[in-house]
Amino acid sequence: MSEFWLYIKLGFGHVLDWSAYDHILFLIVLTVGYTFDNWKRILVLITLFTLGHTMSLFLASYDVVSVNAGIVEFLIPLTILATAIFNVLTAKSGSKNSKIGVLYGVTIFFGLIHGLGFSIFFKHSSGSGKFISLLEFALGIELAQIVVVIIVVLISFIVQTFFRFSKRDWILIISSIVVGMVIPMLMANKIW
């Protein structure tokens, strides 16, 4: 039972690690345009991200895939940048309904990339019960993502309701801030 909580805490801490806040930035740009009314769609998005993350961890843990860590460390901020730019380009339309299938597919793909970034650490920390440990870790990730998303949606609600920001302006501001935070990450992890 204590090992169960160990991996849940590890997954929870993985998302909420302030020294490696890339996961939080991705969740922010992924969900900044949604409200509490969209809770089902948000849950699907973060679950797809967790699924992709877990699949790549599983494949890397069992040596099915092996990717250069430098490339993965470059691709992670690139996925955040791509999501933020997508927000900037679609903020005017206000609706992502027409592109939701693409968004779901991209989210699971980005989850695969993000999972590869943590696979080296997980590979060395998991014991003999890798499969169960992966599921426990995934549960911790999912719980932490729900916490982050609730905070993002709550802040969005407060800013849009009480400070009268339009949804479009809020998406543009937050996505632009994230772009500004991600560019130095890309430069620090450049592969050229």
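Tutor: A residue counts as buried when its relative accessible area is under 20%. The model is predicted. Ile113 has a relative accessible area of 10%, so Ile113 is buried. Ile113 lies in helix α5. Leaving aside residues up to four places away in sequence, Ile113 touches Val72, Leu75, Ile76 and Thr79. Val182 is 69 residues from Ile113 along the chain, and the C-alpha atoms of the two are separated by 16 Å.

The largest nonpolar core has 41 residues, and Ile80, Phe122, Val178 and Val182 touch the most other members. At least two residues of this core come from each of α1, α2 (22-31), α3 (39-61), α4 (69-90), α5 (100-125), α6 and α7 (167-188). The largest share, eight residues, is supplied by α6. Val178 touches Leu25, Ile28, Val29, Ile80 and Ala84, again not counting residues up to four places away in sequence. There is also a second, separate core of six residues, with Val32, Val159, Ile171 and Ile174 among them.

Now look at how α6 packs against other helices. Two packed helices are described by the angle between their axes and the distance between the axes. Take α1 (residues 2-15) and α6 (residues 130-162): their axes come within 7 Å and cross at roughly 45°. Angles under 35 degrees would count as roughly parallel, and 65 to 115 as roughly perpendicular, so α1 is oblique to α6. The crossing of α1 and α6 is right-handed. On the α1 side, the residues in contact include Phe4, Tyr7, Ile8 and Phe12, and on the α6 side they include Phe137, Ile141, Ala144 and Val148. By class, the contact of α1 with α6 holds 13 nonpolar, five polar and two charged residues.

The second pair is α2 and α6, whose axes are 10 Å apart and which pack at an angle of about 55°. That angle makes α2 oblique to α6. The crossing of α2 past α6 is right-handed. Here His23, Ile24, Leu27, Ile28 and Thr31 of α2 meet Ile141, Gln145, Val148, Val149, Val152 and Val153 of α6. Eight residues of the contact of α2 with α6 are nonpolar, three are polar and none is charged. Ile28, which takes part in this contact, is also one of the residues that Val178 touches.

Note on methods: Residues are numbered from 1 along each chain as its sequence is written. This is a predicted model: local features need pLDDT of at least 70, side-chain atom pairs count only at pLDDT 80 or more; totals for chains, interfaces and linings use all residues. Side-chain values use heavy atoms; hydrogens and water are left out. Axes are lines fitted to C-alpha atoms, for helices over the stretch in contact, and angles run from 0 to 180 degrees between N-to-C directions. Helices (H or I, at least four residues) and strands (E, at least two) are DSSP runs, numbered from the N terminus. Angles under 35 degrees count as roughly parallel, over 145 as roughly antiparallel, 65 to 115 as roughly perpendicular and the rest as oblique. A crossing is left-handed if the near helix is turned anticlockwise from the far one by less than a right angle, and right-handed if clockwise. Contact means heavy atoms within 4.5 Å. Ala, Val, Leu, Ile, Met, Phe, Trp, Tyr, Cys and Pro count as nonpolar, Asp, Glu, Lys and Arg as charged, and the others, Gly among them, as polar. A nonpolar core is a set of buried Ala, Val, Leu, Ile, Met, Phe, Trp, Tyr and Cys residues joined through side-chain atoms within 4.5 Å. Buried means under 20% relative accessible area, exposed over 50%, partly exposed in between (1.4 Å probe, protein chains only).
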